[in-house]
Number of protein chains: 2
Amino acid sequence: LPGKYEELCQRLAEYSNLGAAAGLLHWDQQTYMPSGGGPARARQLATLTRIAHETLTSPETGGLLEAAEREREGEPEGSVAWATLRMARRDYEQATRFPADYVSELARVRSEAQEVWARARAANDYASFAPWLERIVELSRRAADYLGYADEPYDALLDQYEPGLVTAELKATFTALRSALLPLLKAVLARRTEVDDSVLYQPYAVDAQRAFGESVIRDLGYEFERGRQDEAVHPFTTSFSIHDVRITTRFNPNWLSPALFGTLHEAGHAMYEQGIARELEGTILASGASLGVHESQSRLWENVVGRSRPFWHHYFPKLRQAFPEQLARIDEEGFYRAVNKVSPSLIRVEADELTYNLHIMVRFELELALLAGDLAVGDAPGAWADKMEEYLEVRPSDDTEGVLQDVHWSMGVIGYFPTYSIGNLLSAQLYAKAVADHPTIPEQTARGQFGQLLGWMRENVHRFGRTYFPRELVEQATGQPVGGQSYLDYLRAKYSEIYDLG
Amino acid sequence: LPGKYEELCQRLAEYSNLGAAAGLLHWDQQTYMPSGGGPARARQLATLTRIAHETLTSPETGGLLEAAEREREGEPEGSVAWATLRMARRDYEQATRFPADYVSELARVRSEAQEVWARARAANDYASFAPWLERIVELSRRAADYLGYADEPYDALLDQYEPGLVTAELKATFTALRSALLPLLKAVLARRTEVDDSVLYQPYAVDAQRAFGESVIRDLGYEFERGRQDEAVHPFTTSFSIHDVRITTRFNPNWLSPALFGTLHEAGHAMYEQGIARELEGTILASGASLGVHESQSRLWENVVGRSRPFWHHYFPKLRQAFPEQLARIDEEGFYRAVNKVSPSLIRVEADELTYNLHIMVRFELELALLAGDLAVGDAPGAWADKMEEYLEVRPSDDTEGVLQDVHWSMGVIGYFPTYSIGNLLSAQLYAKAVADHPTIPEQTARGQFGQLLGWMRENVHRFGRTYFPRELVEQATGQPVGGQSYLDYLRAKYSEIYDLG
């Protein structure tokens, strides 16, 4: 007879299977679904989501979990059983804390608010979205109350996306980062004429872009036998198994960067999922440790590797073979500088490495103030514009390129943006440790060899899946707490040299 | 408060949503899934199938069904409520008659037997498959007992796929058909040199094949806003909503027929699903009336229209534009004859219209004898070969091209093959009535206009979905019972003329 733990695992596997099925329905909706299929797809997803939620939160699951915890008390730390029980307890507690009427209200508001937001952004009409943001802030306050927190409500929201991260710590990290970034940015901007990136804005045939991108990520270690690439308007990575991890890309026929770096970014997410230990397949541990850790892997390959000089030493000649006309009048060094041009802009998703985190800080500070009631929803556009001017010296001329630019809030998601910055910090912190362990990694990169770097990430990050919380994982991997020092060192070295800051 | 009927509909909608989700997982598996994804996909499908089965067969569903039947007694015949209750009762009764251990045994045997069959077919090793066929025959006998039947066990199996069709009637239909087909075939074969189809076996670029096929089915009335075409090794049509009905095709770069007629065939299935009345969307009535009625629509467009002289009068010039070199030395008439060449062969899926049903009769007679115990599983290869020789004057040289050629039996499916012939008969019967109502349909076809024919099918067949049983539907549509006379008239007229039988 199977024990209670095995029964629990069976139940959690069904929960995972339902999630994977819903994931495929989402993937199809973003890639291949004909336009007529939308309404039926929404109903299908609602059914799967409801059944998955019931599977996780049913009293039977609660009883099984308790029984399994008793049965398997004292399992060794780091073992599959130990981690499964710990994460199942966390998931069960989080999911059962929300009353059913809250869950359905949130789903309804999310669904409607996204449509209102899309129209509001298109029409530059913040006023029509404001009542919905009001409701979302209110629902987020209630979420924090349901979830509970030690110091402040925002802690509860953060913890949903980045387990263990607390607001006070994040504030301190951001303050330190900003006080170093702003002078660095000022110095760079004083020399902004040094870099010309016009080479990136030319006609680039989509088929050749796709072929080049796929050849690069194959070199990096993305396995197409266990994945594939398709096109989607809003690129994403999705996983239905550690042996079926798919990426999506959007091609711009007149701008090389989005698909090129987007492909590296999504491949970074995907290699994380493909690198999870096979023994975790089918368990609730077969995913990333957190959004921040996940983003560390996408940023690693997109930026730390993919915008590095050794990387372009190897790939520039190949890219020029693919696009001989477009790249006829530029050399390796010029191209390297072009893909690293710093240019404060209004739009987060187009930001360079130096300014990206300042965009996040604007959102973080507004979220904190909205949640605390220190900022009225009606005043958010002005607060946004002021913060942008303060940090980035640019000011949106309307709300479409300001407070309305991101979908997240309309999705009912507050406390999510900081994970992007955590990912940036961790990408440099993990890379620094990998290079400390294997100092020839940059030289290997210059030869198009990525096995040792990927191997280090697999050994120290990927294989664990969700066995550990991010804090535990990072300390084990790097011997240091999560911090911004490596990232600052990285940015300083890179941009001082490109912009000759001496 | 919603009534019991509305509650039942809500429950059946969830059942349909789970089925649609499973359908998408299957579609993806056959089209885009990377090779590594198989094992996880099987687990995901098992979860969805189990939950869907439980949703349909739970005591709550049974109670709701009874209460809804009481609540809605006397609903007018043909109304959505009347049909929903009638079909829900049928589905519920069928699904609940099988004990749980039978269902899981059948699933296990199916899954293993398919793998054994695939190896056996590849190795021409019937002996290794025989024990599995033995089990499948035994499971089919049990299925008939669980389902119940009036005259003979095969009735119960047939009824699963073609509701209302009984064995005695099918025997009579087949006997009459065969006694007319065999002399016709003999006469054609005496003149077999009259037709040369070598033009079809040349290199045909796949992209041009795809473009031509898509342009034709767009003309026919297949709506790409509510569907799409992808490639699959074993082509099929699948529907996730009446607004999302997808077809698949397999291209042979050196043979024009499979993709060309396969696309018409699948589009026929798909236009049926796209033509279901919008008010049936999301109900259990939003599918075809039976496999036979479904096949009538695929065969109508593939054969009755797609291999007709008026059709090629319109399309041959267009096809020659797409393939000028390949078709340089043939004219419209020669091409029309090429796509209608009669050639008795060993393989069902390659059979022409005249011999196709003889392949089905071989299978039907073997199934009857196996089920009755009149034929031992070990003797099936010989019986198969003898029947093929008797009906088609060809004899398989091994079991791979004989008794092992079809996947169906290994899937645990006995009683399914006859629906292919029912589809052939109905394709001609429905077309004859449409032309009787609108005598200019052939002339319209010769101008590439299909709206009146499709409109007739929509009005008399498609819109009803699964509101009626096939017998009711066909009698309403044609004023006649299901029969073979139209089909025989059609074949006689067509082949007498092509082969100049006088």
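**View 1. A hairpin joins β2 to β3 of chain B through two residues.** The model shown here is predicted, and in this predicted model local features need pLDDT of at least 70, side-chain atom pairs count only at pLDDT 80 or more, and totals for chains, interfaces and linings use all residues. Residues are numbered from 1 along each chain as its sequence is written, chains are lettered from A and ligands numbered from 1 in the order in which they are written, and side-chain values use heavy atoms, with hydrogens and water left out. Strands (E, at least two residues) and helices (H or I, at least four residues) are DSSP runs, numbered from the N terminus, and two strands pair if DSSP finds at least two bridges between them. Strand β2(B), residues 237-241, and strand β3(B), residues 244-249, run antiparallel and are joined by four bridges, and Ser241(B) has Asp244(B) in β3(B) as its bridge partner.

**View 2. The open sheet of chain B has three strands in the order β1-β3-β2, with mixed pairing.** Strands β1 (229-231) and β2 of chain B stand at the edges, and because each has a single partner strand, one side of each is left without a neighbour in the sheet. Neighbouring strands of this sheet are turned by 25° against each other on average, direction ignored; here axes are lines fitted to C-alpha atoms, for helices over the stretch in contact, and angles run from 0 to 180 degrees between N-to-C directions. Strands β1(B) and β3(B) run parallel and are joined by three bridges, and the partner of Gln229(B) in β3(B) is Ile247(B). Helix α10(B), residues 257-274, packs on the sheet and touches β1, β2 and β3 of chain B, while its direction makes about 165° with that of β3(B).

**View 3. In chain A, too, an open sheet of three strands has the order β1-β3-β2, with mixed pairing.** Its edge strands are β1 (229-231) and β2 (237-241) of chain A, each of which pairs on one side only. Between β1(A) and β3(A), residues 244-249, there are three bridges, and these two strands run parallel. Within this pairing, Glu231(A) has Thr249(A) in β3(A) as its bridge partner.

**View 4. Helices α14 (residues 353-372) and α20 (residues 485-498) of chain B pack at an angle of about 140°, with their axes 10 Å apart.** The two helices α14(B) and α20(B) are therefore oblique to each other, given that angles under 35 degrees count as roughly parallel, over 145 as roughly antiparallel, 65 to 115 as roughly perpendicular and the rest as oblique. Where they are in contact (heavy atoms within 4.5 Å), Glu353(B), Leu354(B) and Asn357(B) of α14(B) meet Tyr487(B), Tyr490(B), Leu491(B), Lys494(B) and Tyr495(B) of α20(B). The residues of this contact divide into five nonpolar, one polar and two charged, where Ala, Val, Leu, Ile, Met, Phe, Trp, Tyr, Cys and Pro count as nonpolar, Asp, Glu, Lys and Arg as charged, and the others, Gly among them, as polar.

**View 5. Glu350 of chain A is found in the loop between α13 (332-338) and α14 (353-372) of that chain.** Leaving aside its neighbours within four places in sequence, Glu350(A) is in contact with Trp255(A) and Ser345(A). Glu350(A) and Glu367(A) are 17 residues apart in sequence and, C-alpha to C-alpha, 21 Å apart in space.

**View 6. Chain A can be laid on chain B by a turn of 180° and a shift of 0.0 Å along the axis, with an RMSD of 0.0 Å.** That is the relation of a two-fold axis, with the copies superposed by least squares on the C-alpha atoms of residues with pLDDT of at least 70 in both. In chain A, the C-alpha nearest the axis belongs to Ala21(A), 3.5 Å from it. Of the interface residues of chain A, 100% are also interface residues in chain B, so the copies meet through the same surface. The mean pLDDT of chain A, where pLDDT is the predictor's confidence in each residue from 0 to 100, is 96, and 100% of its residues reach 70 or more. For the complex, the predictor gives an ipTM of 0.94 and a pTM of 0.95.
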